[in-house]
Amino acid sequence: MGRPSRAVRAAITQRRTDAVDLRIAGVDWLTIGRKLAADPAVNSDGAAYAQGYGVDKYERGLEPPGDKDLINMASRDLREALDERAAALGDSTDHLRQLMMERLEKLFFPMYRQAIRNGDYQAVDRAVRIIERECRLLGLDQPTRTELSGPDGAPVQVEAGTLEELERLIGLAGGQPAERAEG
């Protein structure tokens with residue numbers, strides 16, 4: 001089997017888009033499968049959906065896919081559509097990141113020259129800020145490690161308190177303790 005024609009690929013893309021739209025609208029998998037089925041006998045609209053689920057069986061006059069198959073086809077379509085969108089978004093993000101890097105580089109060099117040649121402290125500050133932005137954009141900064149410690153660097157002591165102690169603290173803070181359920 002060769003590569004599908006442009007018209008078939010367009011119909012499959014439309015089917016996947018419809019599957020995503022229906023799922024976003026909260027439609028269940030079986031209803032999506034029936035709505036996008038090729039065979040009018042199972043299609044909820046009673047019409048053949050172009051390149052719908054089970055189109056190969058429909059074209060050969062075979063039994064339409066069952067409910068389980070329709071559910072599997074709808075969920076696979078949605079997964080593939082979302083994977084395609086994620087890949088396209090990733091490509092766009094990489095392109096945008098490269099564009100931003102080029103802009104920052106154009107801004108950096110005049111500031112760097114001015115800082116080095118003239119000793120201009122504002123230009124130094126701007127050059128450093130551009131470098132910081134480039135590092136964030138490229139993910140070069142290491143995350144800041146944060147540790148909680150007790151007095152003099154000792155471990156934090158955690159103690160369990162009683163309900164009476166908690167009520168006393170709430171009272172000290174000006175709040176009213178909740179009434180206890182008897183039982």
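Reader: Which helices each supply at least two residues of the lining of the largest pocket?
Author: They are α1 (6-24), α3 and α4 (67-118). Helices here are DSSP runs of H or I with at least four residues, numbered from the N terminus. This is a predicted model, where local features need pLDDT of at least 70, side-chain atom pairs count only at pLDDT 80 or more, and totals for chains, interfaces and linings use all residues. Residues are numbered from 1 along each chain as its sequence is written, and side-chain values use heavy atoms, with hydrogens and water left out.

Reader: Which helix gives the most?
Author: α4, with five residues.

Reader: What counts as a pocket?
Author: On a 1 Å grid over the protein atoms alone, a pocket is an open set of points where a 1.4 Å probe fits, with protein on both sides within 12 Å along at least five of seven lines; lining residues have an atom within 4 Å of a point.

Reader: How much space lies in the largest one?
Author: About 390 Å³. The lining has 22 residues, and the closest to the centre are Arg-15, Gln-51, Gly-52, Val-55 and Asp-56.

Reader: New topic. Where is Gln-51?
Author: Gln-51 sits in the loop between α2 (29-35) and α3 (55-59). Gln-51 is not a glycine, yet has a positive phi of about 55°. Most residues other than glycine have a negative phi.

Reader: And what is the phi of Asp-152?
Author: Positive, about 60°, and Asp-152 is not a glycine either. Asp-152 is in the loop between α5 (121-138) and α6 (163-172).

How values were computed
Points joined across faces, edges and corners; volume = space filled by probe spheres on them.
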